[in-house]
Amino acid sequence: QVQLVESGGGLVQPGGSLRLSCAASGSIFSIYAMGWYRQAPGKQRELVAHITTGGSTNYADSVKGRFTISRENAKNMVYLQMNSLKPEDTAVYYCNADVLSGSRLAPHWGQGTQVTVSS
């Protein structure tokens, strides 16, 4: 079994920063692409940032220039540095990873961490 656990969420004022972390553990042979998604009340879950094993990244237009995704492959970790936060960034943020466990490659999701941007 594979588990993803997010941490680092919280309450922050507009313009502030947060750093989210996601740790993968369990029966992992290797991890391929990883990403961060978010879901605000009444909205669909959306891709925030994505990173490949080689370090290629992609960001939603709404966060470009403000958020940075990174990973440490040896630690099975992925991070999301969020700067210049806006109220519209308020959402539950989820970690996603494509994990090879045994002979099966499948996506896994964390339980999410709440980010609230408010004054």
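Visitor: What is the place of Asn-76?

Guide: Asn-76 is found in the loop between E7 and E8. Please keep in mind that we are looking at a predicted model. The residue has a positive phi of about 55°, although it is not a glycine.

Visitor: Why is Asn-76 called partly exposed?

Guide: Its relative accessible area is 24%. Buried means under 20% and exposed means over 50%. The 24% of Asn-76 lies in between, so the residue counts as partly exposed.

Visitor: And what makes Ser-84 partly exposed?

Guide: Here the relative accessible area is 41%. This again falls between 20% and 50%, so Ser-84 is partly exposed. You will find Ser-84 in the loop between E8 and E9. Ser-84 also has a positive phi, of about 50°, without being a glycine.

Visitor: How do you know whether Ala-33 is buried or exposed?

Guide: Look at its relative accessibility, which is 16%. That is under 20%, so Ala-33 counts as buried. The residue lies in strand E4.

Visitor: Which residues is Ala-33 in contact with, leaving aside its neighbours within four places in sequence?

Guide: Among them are His-50, Ile-51, Asn-96 and Ala-97. Each of these has heavy atoms within 4.5 Å of Ala-33, and therefore counts as a contact. For Thr-90 we have a distance too: Ala-33 and Thr-90 are 57 residues apart in sequence and 24 Å apart in space, from C-alpha to C-alpha.

Visitor: How do you know that E4 and E9 pair?

Guide: By their bridges. Two strands need at least two bridges. E4 and E9 have eight, so they pair, and they do it in the antiparallel sense. One place to look is Met-34, whose bridge partner in E9 is Ala-97.

Visitor: What makes E4 and E5 a pair?

Guide: Five bridges join E4 and E5 in the antiparallel sense. With at least two required, five is enough, so they count as paired. Met-34 has Ile-51 as its bridge partner in E5, and Trp-36 stands opposite Ala-49 in E5. The two strands form a hairpin with six residues between them. In its turn, Gly-42 has a positive phi of about 80°.

Visitor: How many bridges join E5 to strand E6?

Guide: Three, and the strands run antiparallel. Since the cut-off is at least two, E5 and E6 pair as well. His-50 stands opposite Asn-58 in E6. E5 and E6 form a hairpin with five residues between them, where Gly-55 in the turn has a positive phi of about 95°.

Visitor: What is the order of the four strands in the open sheet?

Guide: The order is E1-E3-E8-E7, with antiparallel pairing. From one strand to the next, the twist averages 15°.

Visitor: How do you know that E3 and E8 pair?

Guide: Strand E3 (residues 18–26) and strand E8 (residues 77–82) share six antiparallel bridges. At least two are needed, so E3 and E8 count as a pair. Ala-23, for example, stands opposite Met-77 in E8.

Visitor: What lies over the face of Tyr-79?

Guide: Arg-19 does, at 4.3 Å from the ring centre. The distance limit for a charge over a ring is 6 Å, so 4.3 Å passes that part of the test. Likewise, the charged end of Arg-45 sits over the ring of Trp-109, 4.8 Å from its centre.

Visitor: How many residues has the largest nonpolar core?

Guide: It has 30 residues, and those with the most contacts inside it are Trp-36, Leu-80, Met-82 and Tyr-93. Elements giving two or more residues to this core include E1, E3, strand E4 (30–39) and strand E9 (91–101). E9 gives the most, with five residues.

Technical notes:
Residues are numbered from 1 along each chain as its sequence is written. This is a predicted model: local features need pLDDT of at least 70, side-chain atom pairs count only at pLDDT 80 or more; totals for chains, interfaces and linings use all residues. Side-chain values use heavy atoms; hydrogens and water are left out. Axes are lines fitted to C-alpha atoms, for helices over the stretch in contact, and angles run from 0 to 180 degrees between N-to-C directions. A charge sits over a ring if NZ of Lys or CZ of Arg is within 6 Å of the ring centre and within 35 degrees of the ring normal. A nonpolar core is a set of buried Ala, Val, Leu, Ile, Met, Phe, Trp, Tyr and Cys residues joined through side-chain atoms within 4.5 Å. Buried means under 20% relative accessible area, exposed over 50%, partly exposed in between (1.4 Å probe, protein chains only).
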